[in-house]
Structures are given as structure tokens and as C-alpha cells.
Amino acid sequence: MPIMNWDKSLDIGVKAMNDEHHGLLDIMNQIYDAQAAGKQGAVINTLVTKLGEACTEHFAHEEAYMQRVGYPGFSSHKALHASLLSRYGAFATQIRAVGGVASDEFFQFLKFWLSSHIKGIDTKYAAHATGAAR
Ligand SMILES: [Fe+2]
Ligand SMILES: [Fe+2]
């Protein structure tokens, strides 16, 4: 049972970025499902590392894209990415420290970030890039 399903409200209108968001959601659901199935330790730590790497990669792609399309909000968007990665790193450290057990707070953070950052923040560079009025 996934913690969050993809739905149309997450579609920002830029296919490459939608695909990456979809990928992040998938890994988040894998962590949630693994934990719900009673897994802990290396399985969880590996998935948490994988999601951190996928986020880092996605943010770099997104930042390159924003620069390419001349998005004026680039700097503040980039700063938000950095802050998310630092919070993510703190969660990952905590999860490792307790032997590969993800907390409810971690899942709440992910769920909130995925929906609010994609819907509230990523949509802005997408609107700029596609010239859509929002
Ligand atoms: Fe994004
Ligand atoms: Fe973003």
C-alpha cells in the first residue's frame, strides 16, 4: 500500500521533470512498503541513500533546466533545494543511527515536500518555461 499515489495535480507540464518526480515518488513508496512489511536495517538504509541520490540528481537537472529557460526565480528555488537536501541528510543520519528504521516524521516530511514543493514551487518554473498563465 503506497503512502502516496501519483495524480494529475502533480503534473507540472514538463515531461522530463514529471518523470523524475514520478521516480522519486516510487522510491519513497518502496521505503514505506519495505518498512510496512517489517523490514529494517540495510534494506531501509540502502533505499534512503537511493532516494537521497535521486533527489540530488533531480535538483541538479531542475536547476540546469531553470537556467536554460531563464527562470527569474532560480536562486531562491535553488536555495530551497539545498535546504531540503540538508533536512533530508539529517533524517538519513537519524535513520542510520537507529539501525535502519524510518520515523513517521520522515514519511510526513517526504509526503509534504513532494506535494507542496512540486505543486507550489516547481509549477512556477514550469509556468515560466511553457508560458502558461497560472
Ligand atoms: Fe522537482
Ligand atoms: Fe524543485
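Colleague: What makes Asp11 count as partly exposed, rather than buried or exposed?

Modeller: In this predicted model, Asp11 has a relative accessibility of 28%, and since buried means under 20% and exposed over 50%, Asp11 counts as partly exposed. The residue sits in the segment before α1, where, leaving aside neighbours within four places in sequence, Asp11 is in contact with Trp6 and Asn18.

Colleague: How do you know that Asn29 is buried, and what does Asn29 touch?

Modeller: Asn29, which lies in helix α1, has a relative accessibility of 9%, and because the limit for buried is under 20%, Asn29 counts as buried. Not counting residues up to four places away in sequence, Asn29 touches Pro2, Ile3 and Met4.

Colleague: Why is α1 called roughly antiparallel to α2?

Modeller: Helix α1 (residues 15-36) and α2 pack at an angle of about 165 degrees, with their axes 10 Å apart. Because angles over 145 degrees count as roughly antiparallel, α1 is described as roughly antiparallel to α2. The crossing of α1 and α2 is left-handed.

Colleague: Which residues make that contact, and how are they divided by class?

Modeller: The residues of α1 in the contact include Met17, His21, Leu24, Ile27 and Met28, and those of α2 include Val43, Leu47, Leu51, His58 and Glu62. By class, the contact of α1 with α2 has 14 nonpolar, 5 polar and 3 charged residues.

Colleague: What does Glu62 bridge?

Modeller: Glu62 bridges the iron ion (ligand 2) and the iron ion (ligand 1), and these two ions lie 3.6 Å apart.

Colleague: Why are Glu62 and His117 both called buried?

Modeller: The cut-off for buried is under 20% relative accessible area; Glu62, at 0%, therefore counts as buried, and His117, with a relative accessible area of 4%, is therefore buried as well.

How values were computed:
Residues are numbered from 1 along each chain as its sequence is written. Chains are lettered from A and ligands numbered from 1 in the order in which they are written. This is a predicted model: local features need pLDDT of at least 70, side-chain atom pairs count only at pLDDT 80 or more; totals for chains, interfaces and linings use all residues. Side-chain values use heavy atoms; hydrogens and water are left out. Donors are N, O and S atoms within 2.8 Å of the metal (3.2 Å for Na, K and Ca); water is not among the atoms, so sites may look incomplete. Buried means under 20% relative accessible area, exposed over 50%, partly exposed in between (1.4 Å probe, protein chains only). Axes are lines fitted to C-alpha atoms, for helices over the stretch in contact, and angles run from 0 to 180 degrees between N-to-C directions. Helices (H or I, at least four residues) and strands (E, at least two) are DSSP runs, numbered from the N terminus. Angles under 35 degrees count as roughly parallel, over 145 as roughly antiparallel, 65 to 115 as roughly perpendicular and the rest as oblique. A crossing is left-handed if the near helix is turned anticlockwise from the far one by less than a right angle, and right-handed if clockwise. Contact means heavy atoms within 4.5 Å. Ala, Val, Leu, Ile, Met, Phe, Trp, Tyr, Cys and Pro count as nonpolar, Asp, Glu, Lys and Arg as charged, and the others, Gly among them, as polar.
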